[in-house]
Every structure is written in structure tokens, then in C-alpha cells.
Amino acid sequence: MKKEKQRKFPIFWLVLLAFIFGLTLFSSILAPFEPNAMDMNHIYGAPNTTHFLGTDQLGRDVLSRLLIGGRVTLFIAIVSVVLASIIGIIYGGISGYFGGAIDAVMMRMLEACLTIPSLVIVLALQAIMQGSVWRMAIIMGVTGWFVTARIVRSEFIRLKEAEFVQMAKMFRTPLWRILFGHLLRNSFPAIFVVTIFNFAGAIFTEVSLSFLGIGVPPAIPSWGTMLYTAQNDLLVGAWWMGLFPGLLIFITILCVQAIGSTFKKGGERTHV
């Protein structure tokens with residue numbers, strides 16, 4: 001009975017996360033209003049039958065902006081995580097496989113980068129180069145690969161001594177096939193877990209930067225920019241302005257963290 005519950009646990013979070021992704025993916029169809037359409041006759045409108053989640057300080061529909069904004073936030077998170085994973089896999093793979101002096105130099109460089117929190121690096125770069133959504137995603141990607149590199153390195157060091165890798169070397173298997181067909185493929189569970197947690201971190205980073213006013217440009221709706229504009233709206237009693245974006249951010253990150261934790265525990269049980 002206990003094993004059955006463990007199998008069903010991640011399914012709930014996967015379905016909920018897929019539902020959120022579906023809402024944002026089809027936001028252009030599902031949004032009841034154009035996200036930037038202003039109606040000065042209905043500013044700060046509380047949730048009602050016309051505007052289910054209310055309107056903001058310019059009379060824009062909160063639900064529409066929440067759906068479109070989710071697409072922007074998740075797009076930034078996906079692009080940044082994919083880029084960070086590619087860089088981390090290449091860097092960690094080279095360091096772990098070749099070892100020796102190459103590994104020592106590369107790890108010292110990585111440790112130097114890890115002494116500075118990645119959020120601080122992103123904050124500094126974004127403050128200097130703030131602009132488009134793509135630029136923000138790239139900045140987050142090129143500064144978010146450090147943990148992935150360490151995980152890949154440790155996996156490559158562990159796996160390169162395995163019997164099947166030694167056999168592949170003995171039979172003169174091409175290096176690219178050893179790296180991709182043996183080492184990288186068998187490192188995928190660990191990479192998958194760290195990527196999930198990086199995705200949750202990327203959502204938090206976008207929200208944090210936009211909340212500080214140096215993330216996504218204010219003209220573009222995102223979950224972070226909605227929280228940024230909601231700071232002053234709370235003073236006039238517009239509680240819905242911050243509640244609904246904050247709630248959706250919380251649920252999304254909770255889903256991702258729960259899925260990551262489940263796969264991490266599963267991986268630990270497999271190794272044992």
C-alpha cells in the first residue's frame with residue numbers, strides 16, 4: 001500500500017504542473033481580454049463575473065495578464081535552464097572525464113564562481129544589460145550552470161571507472177560514443193533531478209528580478225512584473241493584484257520542487 005502511494009504522489013504534481021503549462025501555452029486563446037487593453041472606467045475593479053480576477057490600475061484584466069505573463073515567465077525559465085544544462089554538461093563532462101590537471105584547473109575556476117551567489121551575478125548583469133526577454137533568459141542561463149557542472153563531473157568520475165566503460169575503451173570504442181552513449185546517458189537521472197530544481201530556481205530568479213524592477217520590461221506582462229506593480233496597489237486595497245500572481249508562483253514552484261524531490265528519493269533508493 002505504501003509503495004502504491006509513492007508511485008501516485010508525483011502524478012498529482014505532474015498533472016497540476018501540466019495544467020499550469022497548458023493554461024500558459026494556450027493563453028492567447030484562453031485569455032478573455034487582450035492583456036494590455038486598458039479600460040479607465042473599470043480601474044481597480046474587484047473580481048466579478050466580467051473580470052474573474054479583477055482589473056489593475058489601468059483597467060487591464062488580471063486573469064488575461066496572469067495567463068500571458070505565465071507564458072513569459074515559464075519561457076524565460078525553460079530557455080535559461082536548457083542553456084545552463086548544455087554549458088554545465090560540457091564543462092562538467094570534460095572536467096570529470098579527463099581529470100588530472102585539467103580537472104584541477106577547471107574545478108578551481110568553478111569554485112571561484114560558486115563563491116558568489118548566482119542571483120547576485122544575474123542581478124549585476126541584468127542591471128547593466130536589462131532589455132529583452134531573450135537577453136534576460138541568456139543571462140540567467142550563462143550564470144546558472146555551476147551546480148549542473150559539479151553534478152555531471154561527479155557522475156563522470158564515478159562512471160568512467162565502471163566495467164562497461166573500461167570494456168568500451170578496450171574495444172577501442174570512439175570517444176564520442178563513450179561520452180554520449182555510456183557516460184552521459186547513465187548520468188541522465190542525476191542531470192534530470194538537478195535540472196528540475198534549476199527550473200524552480202529560474203522561476204524564482206525571474207520573479208525576484210522583475211519584482212525589483214530590473215527584470216522583464218514593465219510593458220511585458222510576467223508574474224514578476226505583476227508583483228512589481230502590485231506593491232503600490234495594496235495601499236489602495238487592491239488585494240487581488242498581488243494575491244493571484246503570488247499564489248500561482250507558489251503553486252508552480254511547489255509542483256516543481258515536489259517532482260524533483262520525488263525523483264531524487266527514487267534515485268537514492270536505486271543507488272542503494
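Modeller: Rolling a probe the size of a water molecule over the atoms shows where empty space is left. In this predicted model, the count comes to two cavities of 30 Å³ or more.

Biologist: How much space lies in the largest cavity, and which residues line it?

Modeller: The largest cavity holds about 50 Å³ of space. Its lining is made up of Asp56, Arg60, Val62, Arg65, Met226, Thr229 and Met241. Two elements, α3 (62-98) and α10 (223-233), each give two or more residues to this lining. Sorted by class, the lining of the largest cavity has three nonpolar, one polar and three charged residues.

Biologist: What lines the second largest cavity?

Modeller: Arg65, Pro218, Thr225, Met226, Tyr228 and Thr229 line the second largest cavity, which has about 30 Å³ of space. Helix α10 supplies the largest share of that lining, four residues. By class, there are three nonpolar, two polar and one charged residues in the lining of the second largest cavity.

Biologist: Now the surface. Which residues form the nonpolar patch there?

Modeller: The patch consists of Ile78, Val82, Ile86, Ile90, Ile94, Phe98, Ile102 and Leu175. Together they have about 680 Å² of accessible area. Helix α3 gives the most to the nonpolar patch, six residues.

Biologist: Where is Leu175 found, and why is Leu175 called partly exposed?

Modeller: Leu175 is found in helix α9, residues 175-211.

Conventions. Residues numbered from 1 in each chain as written. Predicted model: local features only at pLDDT ≥ 70, side-chain atom pairs only at ≥ 80, totals over all residues. Heavy atoms only, no water. 1 Å grid on protein atoms, 1.4 Å probe; cavity = no way out; pocket = protein on both sides within 12 Å on 5 of 7 lines; lining within 4 Å. Points joined across faces, edges and corners; volume = space filled by probe spheres on them. Nonpolar A, V, L, I, M, F, W, Y, C, P; charged D, E, K, R; others polar. Patch = residues over 30% accessible without salt bridge, like charges linked within 9 Å, V, L, I, M, F, W, Y side chains within 5 Å. Areas by Shrake-Rupley, 256 points an atom, 1.4 Å probe, with all protein chains shown as cover. Salt bridge = Lys/Arg side-chain N within 4 Å of Asp/Glu carboxyl O.
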